[in-house]
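Here is a friendly briefing on how one protein chain is put together. Have a look at the picture first, then read on.

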Amino acid sequence: MDQSSRRLSPPEAPRAFGFFIDGAERPAGDREVMTRTSPGHDVPVTEIPQCSAADLDHAVSAARTAFEDRRWSGLNGAARAAVLLRTGALIRKRVDDIAYWETLESGKPIAQARAEITGCADMFEYASGLARSLHGDAFNNLGDGMFGVVTREPVGVVGIITPWNFPFLILCERVPYVLASGNCIVAKPSEFTSATTVMLAQILSEAGLPDGVFNVVTGTGPTIGQALAEHGDVDMLSFTGSTRTGRAIVAAAGASNFKKLGLELGGKNPQIVFADADLEDAADGVAFGIAFNTGQCCVSGSRLIVERSVAEKFAQMVADKLGKAVTGDPLDEATQLGAITTEAQNATILTYIETGQAEGATLVCGGAALDLGRGRYIAPTVFSNVTADMAIAREEIFGPVLTVTPFDTVDEAIAMANDTDYGLAASVWTKDIDKALMVTRRVQAGRFWVNTTLAGGPELPIGGFKQSGWGREAGIYGVEEYTQIKSVHIEIGKRNHWIG
Ligand code: NAD
């Protein structure tokens with residue numbers, strides 16, 4: 001039965017997950033076990049092993065062996081594509097089950113989780129085509145004695161460290177693209193949300209991925225994550241998480257083997273609204289942009305920069321919209337805003353709300369925790385009269401807290417949008433094509449939305465400017481990122497001798 005048609009509840013006892021090496025899920029055994037409590041229900045839902053450094057070595061060595069014997073990279077693109085396509089089909093078949101565990105561990109609404117996971121199937125299906133179309137280049141213009149070929153090769157063993165806000169989606173924005181060219185993977189999910197990464201390992205195996213090509217080690221960041229970043233036999237690492245941890249990853253890569261890095265870090269993303277925009281549309285988009293995933297989203301539109309003539313009215317329109325959004329049990333189909341994922345993040349958001357009031361910003365709506373009887377929830381919050389020097393305007397809050405600052409000219413709006421260390425995403429709302437293009441060109445952001453926000457899909461790349469990261473994921477760009485380029489010079493005929 002489709003789970004969307006019946007009422008879900010948390011499990012009666014937590015489900016034990018293992019870690020996954022060389023094609024097999026391995027139980028915790030005598031390892032310490034981390035029990036995850038559902039953020040929306042306060043009950044234990046999963047048990048995850050804390051892997052050791054030896055487990056990590058085992059996983060890296062399984063991936064290395066699989067890479068070196070070419071059981072995956074030596075296949076043709078069509079054979080790799082077939083596995084990726086089967087994975088997509090299996091994800092579609094198990095959407096309800098994956099979404100259930102994703103919701104229990106993360107606190108996100110079940111309907112949203114289901115939509116994210118369906119999108120993940122699409123990623124695998126799209127990447128299957130890329131596995132077949134990836135190609136190099138040829139230089140036939142080097143004279144009669146020389147032919148040049150540029151090929152792309154997989155980088156080798158790739159580590160993937162993911163955060164807790166989109167455990168399955170962020171994983172699937174990487175894995176199919178990394179696999180498309182023939183790499184092998186060791187994934188380390190967030191210690192708060194590991195279940196669905198282990199579920200993906202099971203699905204990949206079932207889809208026919210050879211043993212050792214996709215491995216999962218579970219455990220905390222400072223132990224297992226740091227060890228993965230320092231590992232001398234990992235060729236590339238994709239890290240998604242905070243800018244602070246990103247700095248530790250860069251240092252670890254530099255101190256070990258200079259592994260290639262992909263970094264997706266924080267954001268403080270502007271939503272620029274001009275008075276000539278369709279304000280009803282814009283208010284809905286701005287509300288969605290800050291409340292989606294309770295603002296625990298690297299691309300949340302957390303800074304509203306709005307033309308002064310409509311600023312007050314527009315902030316109220318956004319607050320009215322947010323007032324109608326349904327916050328509640330993440331397992332309830334009607335819920336739009338779920339629970340705050342971690343205890344620490346809950347405290348951080350509430351502290352920023354206090355800071356905003358202490359800094360003199362005006363509270364338009366929200367501003368407090370919501371008591372729903374169990375779990376931790378925060379009302380979507382809007383602050384107006386926010387100035388650029390305030391902490392709530394500068395620092396990534398990673399919660400449902402929107403700041404509102406007015407502007408008078410296009411140049412001023414662009415300058416305000418760029419007045420941040422980050423450059424992950426931005427949106428502009430206007431019916432004037434000239435203004436839309438001018439802003440799109442001059443605002444520094446890796447993802448840009450015009451009269452919409454948070455749109456995405458497997459074709460368009462994701463990644464940031466400035467301190468939001470290095471490199472791009474998804475699309476053909478995400479496949480190329482995980483390849484090495486090799487230049488091959490081929491002499492034709494007799495060599496011109498250097499000696500004699
Ligand atoms: P985090 O940096 O604390 O943790 C992210 C991952 O890194 C987790 O798996 C964690 O276990 C691991 N980790 C922690 N310390 C580590 C270390 N020293 N070495 C190696 N790995 C380590 O971030 P978080 O709290 O899980 O996620 C929230 C942050 O992630 C926010 O700041 C947000 O902006 C960012 N984020 C960015 C994107 C993006 O695409 N740019 C997406 C999601 C989240």
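The C-alpha centres of domain 1 and domain 2 lie 30 Å apart in this predicted model. The chain is divided into domain 1 (3-265 + 468-486) and domain 2 (270-450), with bounds that come from an automatic or database domain assignment. Because the model is predicted, local features need pLDDT of at least 70 and side-chain atom pairs count only at pLDDT 80 or more, while totals for chains, interfaces and linings use all residues. Residues are numbered from 1 along each chain as its sequence is written, and side-chain values use heavy atoms, leaving out hydrogens and water.

- Domain 1 brings 33 residues to the contact and domain 2 brings 28 residues, where contact means heavy atoms within 4.5 Å.
- About 2400 Å² is buried between domain 1 and domain 2, and carbon and sulfur atoms give 55% of it; buried area is the accessible area (1.4 Å probe) that two parts lose on being put together, summed over both.
- H41, W164 and S468 supply 24% of the area that domain 1 buries against domain 2, more than any other three residues.

- Two salt bridges are found across the interface of domain 1 and domain 2; the term stands for a side-chain nitrogen of Lys or Arg within 4 Å of a carboxyl oxygen of Asp or Glu.
- R7 and D332 form a salt bridge through their side chains, at 3.8 Å from N to O.

**The nonpolar cores**

- The largest nonpolar core has 94 residues, and I91, V175, L179, V186, L200 and F214 have the most contacts inside it.
- Such a core is a set of buried Ala, Val, Leu, Ile, Met, Phe, Trp, Tyr and Cys residues joined through side-chain atoms within 4.5 Å.
- Domain 1 and domain 2 each give at least three residues to this core.
- A second, separate core has 25 residues, including A282, V286, A291 and L337.
- Not counting residues up to four places away in sequence, L200 touches T87, I91, F124, F168, L171, C172, V175 and F214.

**A closer look at S73**

- Why does S73 count as buried? S73 counts as buried because its relative accessibility is 12%, and buried means under 20% relative accessible area (1.4 Å probe, protein chains only), with exposed over 50% and partly exposed in between.
- Leaving aside neighbours within four places in sequence, S73 is in contact with F67, R80, P154 and G182.
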